[in-house]
Amino acid sequence: MKNTSNVWIVDDDMSVREIMQVILSEEGYRVETYANEIELLENLEKERPSLLYLDILLSGADGREIARKLKSDPRYSDIPIIIMSANHKFLNETERAIANDTLTKPFEMDDLLAKTEKYVNGHDNRPS
Amino acid sequence: MQTVRKLQNSLFSGLSISVVGGIFFLIFGSLIPVPRDTLYLLYTVTVIVSGARGGLVPGMLATLLLSISVARLAGIPLAVMFFIIEAGISLLMERMHESGELVHNVVTGITDPLIVFDRSWKCMYVNREAEKLFNKDRKMIMNRNIREVLPDVTHNPMYSKILHAVEDGRHIHYTYYSKTMETWLEANLYPSDFGLTILFMDISQKVLLEKKLRESEMGFKSLIDSNIIGVAIEDSSGQVHYANDVYLKMIGYSRRDLEKKLVNWKKLTPEEDLKRDEQVHKILLRKGSIKPYEKDYVQKNGSRITVLKGAVLLDRQKKTSAVFALDISQRSLREKRKDEFISIASHELKTPITSIKGFAQLLMRNAGLKNEEKSISYLNRMLNQINRLTYLVNDILDIRRIEDNRLVLSKDFIDINQLVEDAVKEAHLSAPSRIITWKPSPSAMVFADYNRVYQALLNILTNAIKYSPATEEINVTVMDDGEKTIVAVADKGPGVPKEKQVEIFNKFFRVEGKENASMPGLGIGLFITSEIIKKHGGAIWVESPTGARSNAKKEKERFGSTFYFSLPKINKN
C-alpha cells in the first residue's frame with residue numbers, strides 16, 4: 001500500500017524537504033517535493049497526492065492561504081493536508097481548522113511517520 | 001503726641017487754674033498797668049510756645065492772656081471772656097487731639113519700616129521696624145543726617161532725582177539693592193512741607209521668587225520653542241487651546257486649524273485607545289500629573305505616529321493641562337524591527353535544527369536496528385542537546401509573544417495526572433540518572449492548554465534537575481482541593497531565599513552566587529512558566545525553609561525548594 005502512496009512536501013527550505021524525503025522514502029513512500037506554490041499547482045494539474053505536507057511560511061506565499069484554496073476547491077478538497085510550522089507547536093484554533101493536522105518543526109520522526117501513515121491509509125482506505 | 005494729650009486734659013484742670021489765674025490777673029493787672037501792645041505780644045509768644053512745645057502751663061497762660069486782652073479791649077467782664085476763650089481753646093484742643101490720635105494710630109499701625117526726615121534732612125522719626133531693618137539703634141538714627149542713616153539711598157544714582165522729586169513735592173517709588181544689608185528694598189518717598197517720609201519694604205523674597213519664576217518661565221519657553229518636544233495646552237473636553245510648532249507638526253495640523261478650534265485630543269486618539277486615555281485623563285485630574293506613557297496619535301491625514309506623552313494639570317477649575325509629547329516613532333520602529341528580527345532569527349534557526357534532528361533520529365533508528373549501543377548512547381545525547389536548543393529558541397519566541405500579549409491558549413479538559421506523567425518522562429529522558437518520583441491525585445481534571453501547562457511543568461522540572469545535586473530525588477505531587485489543582489515540584493537544591501521568592505519569576509532574573517555562577521540559562525524560563533500559569537487564572541509560588549541561602553556552600557546547608565502552581569478547576573475564559 002505504501003508503494004502506491006504518494007506524499008507531497010511543499011517547503012521553501014531544501015534541507016527540510018531533504019530530511020522529510022529521506023525519512024519517508026526509507027519507509028517506502030513515494031515522495032515528491034516542491035519549493036513553492038507554483039510548482040505545487042502545476043503538478044496538481046497532472047497528478048494528485050495521497051497526502052500533502054504544506055509549510056505555513058513559504059517565501060512569497062502563505063501556506064494557510066494555499067490550504068484554504070485547496071480545501072475550498074472541490075477538485076482537491078479531499079486531499080489530506082498537514083500544515084507544518086516552525087513557529088512553535090502552538091498554532092491557533094483557526095490555523096488548525098484549515099488543515100487536517102499540524103506538524104511542528106523540528107518534528108519527532110515517530111510523529112512524522114505516525115501522521116503520514118494515519119492520513120495515507122485513511123485516504124487510501126476511503127471508499128471511492 | 002504727648003503735648004496734645006496734656007492739652008486735652010486742660011479743660012477742667014485748666015478751669016480751676018484759669019479761675020485762680022484770672023483772679024490773680026485781675027488784682028495784679030489793676031495794680032500794675034500793662035500796655036495793650038505788650039499784652040498782645042505776650043499772648044502771641046505764649047501761643048507760639050504752647051503750639052511748638054505744648055504743655056499745660058503755656059496753654060493755660062495763653063488762655064489767660066487772651067482772656068485779659070480781649071476783655072480789656074472789648075470791655076467784656078474778664079470772667080465771662082475767660083470762659084468763652086477756655087471753651088474755644090478746649091474745642092480746638094479736642095480737634096487737635098483727634099487728628100493727632102489718628103496720625104498716631106496710622107503711624108504706629110505701619111508694620112513696614114518707616115523713617116521721617118525734616119527739611120534739613122535730619123531724622124525726626126523712625127519706627128521699630130526701620131530700626132530692625134537698618135540694624136541700628138534709635139539713638140544712632142534720630143537727628144542724624146540722611147547721608148549717615150541711609151548711605152545706600154544717598155549713594156544711589158537716583159539720589160539727584162530723589163532730591164528733585166522732593167523739591168517738587170512728587171511721590172517717588174523705586175527699588176534698589178542695599179549692599180550693606182544684602183537686601184532688595186522698595187522705597188516709597190512721600191515729600192511734604194515738613195520734610196520727607198520714607199516707607200521701606202523688604203522685597204528680597206519677592207525678587208528671588210520673581211527671578212526663579214522668570215528662570216522657570218525662560219526654561220519653559222525655551223522648552224516650548226525648542227524643536228525637541230511637542231507642547232500643547234488642552235482641556236477636559238478635548239479642545240487643544242495652544243500648541244507649539246513641534247506639536248502641530250507631530251499631529252499634522254496647521255496653526256490655522258488650531259485657531260479654528262479643529263484640534264481635539266479625542267480626535268487625535270485612535271478609537272481603540274480612547275477608553276484608556278479617558279481613564280488616564282481622570283488620573284491627571286485627580287493626581288495633578290501623569291507619568292509619560294506611549295501612545296499613538298492619529299494625524300490629520302489619518303496616518304499614525306507613536307509618541308511618549310506626559311501631562312501636568314495647570315488649572316484644576318478649568319481642567320486645563322499642559323501636555324508634553326515626544327516623537328518616538330523612529331525608536332518604536334527600531335524596536336519593532338528588532339522584535340521582528342528576533343522572531344525571524346528564531347524561526348530561521350529551527351530549519352537547520354529540523355534537518356539535524358531528522359538525520360540524528362534516522363541514525364538512531366539505524367543504530368538501534370544494528371544494536372550499536374555506543375552510537376545509540378552518543379546519538380541520545382545529541383538529540384537531548386537538539387531538544388534543548390529547540391526549547392531555547394521556543395522560549396525566545398514565547399518572550400516575544402508574551403510581550404506583545406499574543407500568548408494564545410488552546411484550552412480543553414485535560415488530565416493533570418497524565419500531563420505530569422508525560423512531563424516527568426521527558427525530564428527523565430534528558431537526565432536518565434535522576435530519580436524523579438511523582439504522586440497523582442485522585443481527581444485532576446482542569447480546563448487548560450495541555451501544551452502550555454506541559455511546557456510550564458517541564459521548565460520547573462528542568463530547573464530542579466539543573467539546580468539540585470545529581471544524587472538527590474525530585475518529587476512531584478498533584479493535589480486537588482476541589483476548586484483548584486495544585487502541582488508541587490520539590491527539590492533538594494540550595495533553595496530560594498525569601499527576598500528572591502517573588503523576583504525569581506521576573507524576566508531575565510538570573511541566579512547569582514558563587515556556587516551557581518556557572519549555571520547556564522537565559523533567565524526567561526520561570527518568567528514564561530509564570531506567565532502561562534497566570535494566563536490560565538492560576539497562581540505560581542515557591543517555598544523554601546527559612547534560612548535558605550542562594551550561595552549555600554555546604555551540603556548540610558541545602559534546604560531545597562518547592563515550586564507550586566495551581567490551576568482553577570473550571571475556567572473557560
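Author: Happy to! Let's begin with a term: helices (H or I, at least four residues) and strands (E, at least two) are DSSP runs, numbered from the N terminus. This is a predicted model, in which local features need pLDDT of at least 70 and side-chain atom pairs count only at pLDDT 80 or more, while totals for chains, interfaces and linings use all residues. Residues are numbered from 1 along each chain as its sequence is written, chains are lettered from A and ligands numbered from 1 in the order written, and side-chain values use heavy atoms, without hydrogens and water.

Over all chains, the structure holds nine aromatic pairs (rings of Phe, Tyr and Trp, its six-membered ring, with centres within 6.5 Å; planes under 30 degrees apart are stacked, over 60 edge-to-face, the rest tilted). One of them joins Tyr177(B) and Trp184(B), a tilted pair with 5.4 Å from centre to centre and 55° between the planes. Tyr177(B) is partly exposed at 38% relative accessible area (buried is under 20%, exposed over 50%, partly exposed in between, with a 1.4 Å probe and protein chains only). Trp184(B) is also partly exposed, at 33%.

Now look at Tyr450(B) and Tyr454(B): their ring centres are 5.9 Å apart and their planes meet at 20°, so this pair is stacked. Both residues belong to helix α19 (residues 450-467) of chain B, where they are four residues apart, about one turn of the helix. Tyr450(B) is partly exposed, with 26% relative accessibility, whereas Tyr454(B), at 10%, is buried.
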